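Please walk through this model with me, one region at a time. A pocket opens the tour, then a sheet, then a single residue.

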Amino acid sequence: MVLPLRAWVYRGQPHVAPVLDALSPAQIVTLRQDPHQALHLSYPADPAELLQRWSQWLSEQVLLPEPIPALYAYSQTFYRYGETRMPFQRVGVIGLLPTSVPLLPHEATLPDRVEALQKALTLLPLQATPIHLLASGAWGEISALLELYLSCPRFSVSQGGVMHRWSPIHHRGHQEQLRALLGEGPFLIADGHHRWQAVRQVGLSHYLVYVSPQEDPSLYIAPTHRFLGVERAEVLQQLEPYFELRTAAARVPLWAEVQGLRHAIGVVAPGGRSWTARLRPTYWSYLTSQPLVHWLHVWVLSKYSPSQISFAREPVPLLEAATRGEGW
């Protein structure tokens, strides 16, 4: 079901960008200063300039088309991933997947993010960032074949503590072997829900996908923190019907205090005062249909404009912004 593609590839060393959710605002600004950064295509700052930039890249031969369709062996080796986690490697296949194939999502999307991607894909139907999928399959045999290609990769580049290796698979027999070993799914979206939604809504025929093992023991769900960029709001009053609010004890960091509580979130007000918000038992049954964060959006965040809500993997920048009085 995963198909080879004729890709555009960098003539020289690739300009690699992590997915947008993994980047801080400062990192995004730094990456955008590189005129050939892949981020300009996957998430253009100004979609109106996208076609001009694409034409310029082609005239300068920044990118060149592959001569024949290929699947791609791709690996990420994570060397710096927290004090308690050992280095690990993830190996998978990059190719195309027909949009008729059902994918299993696990999170909701933000309308403004999807709309921005739709605008870019409408102007230039080019997917510069694959949707990361998980799949069962004969990964012992798949990985052995991929490692043969990755032993002499076309590209090898290190960025942010991650070593990326990438190599095309032009051999038709190996392509068919990989497709048979991967099977027909089901495929679970690990990352790329906004791209998945945008590709479908624009009406493209295929997704660009990166498929890796569903049984990968290194996979985990990272916390995502919300920041409501308003200085004055009735947030506590909006939470109070659903949550029991208690002033944070301050003996341990707020994240550590919340981590030990069932059905709870931490709340920091402009100025830095913090609470633990513990879901009232009346609403525990709600969590059988949707996770707590869904109901947080329904009960509170849906009352505000999407432009006032931002997300981050790391809590510290958001806590510092709240302490400065910039929001919740």
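**A pocket, a sheet and a leucine**

The second largest pocket holds about 150 Å³ of space. A pocket here is an open set of points on a 1 Å grid over the protein atoms alone, where a 1.4 Å probe fits, with protein on both sides within 12 Å along at least five of seven lines. Its volume is the space filled by probe spheres set on the points, which are joined across faces, edges and corners. Lining residues have an atom within 4 Å of a point; among them are Trp255, Val268, Ser274 and Leu319. The lining divides into eight nonpolar residues, two polar and no charged. Gly counts as polar in this scheme, Pro and Trp as nonpolar, and Asp, Glu, Lys and Arg as charged.

The model is predicted: local features need pLDDT of at least 70, side-chain atom pairs pLDDT 80 or more, while totals for chains, interfaces and linings use all residues. Residues are numbered from 1 along each chain, and side-chain values use heavy atoms, without hydrogens and water.

Now the sheet. Eight strands form an open, mixed sheet in the order β5-β9-β6-β10-β4-β3-β8-β7. Strands are DSSP runs of E, at least two residues; helices are H or I, at least four. Two strands pair if DSSP finds at least two bridges between them. β5 (103-104) and β7 (155-159) are the edge strands, each pairing on one side only. β7 runs antiparallel to β8 (residues 162-169), joined by five bridges. One of the residues bridged is Gln159, whose partner in β8 is Val162.

Last, Leu39, in helix α2 (residues 39-42). Leu39 counts as buried because its relative accessibility is 0%, and buried means under 20% (1.4 Å probe, protein chains only). Beyond four places in sequence, its contacts (heavy atoms within 4.5 Å) include Ala17, Leu20, Ile28 and Arg32. His15 lies 24 residues away in sequence and 8.7 Å away, C-alpha to C-alpha.

Technical notes. Buried means under 20% relative accessible area, exposed over 50%, partly exposed in between (1.4 Å probe, protein chains only).
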